[in-house]
There are 2 protein chains.
Amino acid sequence: MKETVKTFKALSDETRLRILHLLIEAGEICVCDMETVLGCPQAKVSRHLTILKNAGLVDDRREGLWVLYSLVKPADSTHAAVLKMLRETGGGELFSLDKKKLLQAIQQGRCKTFGVIKPEKIPQSMAR
Amino acid sequence: MKETVKTFKALSDETRLRILHLLIEAGEICVCDMETVLGCPQAKVSRHLTILKNAGLVDDRREGLWVLYSLVKPADSTHAAVLKMLRETGGGELFSLDKKKLLQAIQQGRCKTFGVIKPEKIPQSMAR
DNA sequence: ATCTGATATCTGTATATCCGTATATATGGA
DNA sequence: TCCATATATACGGATATACAGATATCAGAT
């Protein structure tokens with residue numbers, strides 16, 4: 001049950017929920033794109049990503065200069081249920097704005113992930 | 001998304017998770033039975049119940065001297081998903097002990113809810 | 001080796017949360 | 001009305017968390 005508490009604590013912050021919903025939408029993106037979309041300073045984004053990683057909710061991998069984050073493949077049933085719940089509930093209005101901002105960043109060439117890092121992996125919902 | 005954060009914060013505490021699992025198991029019980037089962041002081045239980053109530057996760061109703069708490073009928077999809085998740089994940093070892101303690105309290109006549117308040121409503125899993 | 005861009009960590013401060021203890025409120029009975 | 005039981009709330013201290021700003025690390029290019 002201790003682990004479950006850790007999971008819920010990780011989910012108890014608006015910025016972290018926005019990040020998770022962004023990852024649901026985009027699949028895998030770099031930290032600087034999160035800064036762009038969320039409008040948060042770099043240190044803040046990085047700190048929250050560390051928390052999500054320690055809670056076992058996201059994975060990271062380095063790709064050149066960048067670090068790309070994505071949702072984990074859920075290991076236990078709690079995580080699976082949590083991620084399913086997040087997908088189902090959608091995130092509300094604030095996240096709709098984030099999604100719009102990501103789309104704009106892509107269209108205006110300000111998105112690194114789908115601009116220069118891996119343009120071929122752009123998700124359906126974001127492709128023009 | 002603000003509401004979602006509130007929900008997760010309410011879930012980010014071991015005592016509160018134990019209470020929720022207890023309510024899943026017992027259906028509706030009074031505060032003093034929770035004290036007995038959880039082994040927590042009255043004020044602590046009451047405080048956590050207030051937090052769960054403010055988060056919209058539990059309902060309460062007065063029955064004479066006692067106040068009986070139960071899980072809400074979920075209003076929105078986030079709550080429904082959360083409660084479903086709690087039911088599915090089961091709560092782990094610590095809660096198994098709580099369940100045992102509830103059973104013992106019933107058998108030894110120390111449980112108010114199913115001893116004097118509403119003995120006819122004792123759940124299947126607890127009946128001898 | 002040095003420079004630059006991207007990301008992570010440290011530090012101090014403000015705020016939030018949790019807990020134990022004490023006190024208040026509510027209900028029913030003598 | 002007074003008492004006993006059940007529950008809720010207020011207060012103060014300890015710990016945890018979030019943030020901004022500064023600094024450190026890391027990878028690649030020159």
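In this predicted model, α3 (31-38), α4 (42-54) and β3 (66-71) of chain A, together with α4 (42-54) of chain B, each supply at least two residues of the surface near DNA strand C; helices (H or I, at least four residues) and strands (E, at least two) are DSSP runs, numbered from the N terminus. Five residues come from α4(B), which gives the most to this surface. DNA strand C is surrounded by 24 residues, a residue being near a strand if one of its heavy atoms lies within 4 Å of it. The closest are C32(A), Q42(A), Y69(A), R47(B) and H48(B).

In chain B, an N or O atom in the side chain of R47(B) is 3.1 Å from a base nitrogen of DNA strand C.

Between the protein chains, 25 residues of chain A are in contact (heavy atoms within 4.5 Å) with 24 residues of chain B. On the side of chain A that touches chain B, α5(A) gives the most, with nine residues.

Residues are numbered from 1 along each chain as its sequence is written, chains are lettered from A and ligands numbered from 1 in the order in which they are written, and side-chain values use heavy atoms, with hydrogens and water left out. Local features need pLDDT of at least 70, side-chain atom pairs count only at pLDDT 80 or more, and totals for chains, interfaces and linings use all residues.

Definitions and conventions. A polar contact is a pair of N or O atoms within 3.5 Å; within protein, one must be able to donate a hydrogen and the other to accept it, and residues adjacent in sequence count only if both atoms are side-chain atoms.
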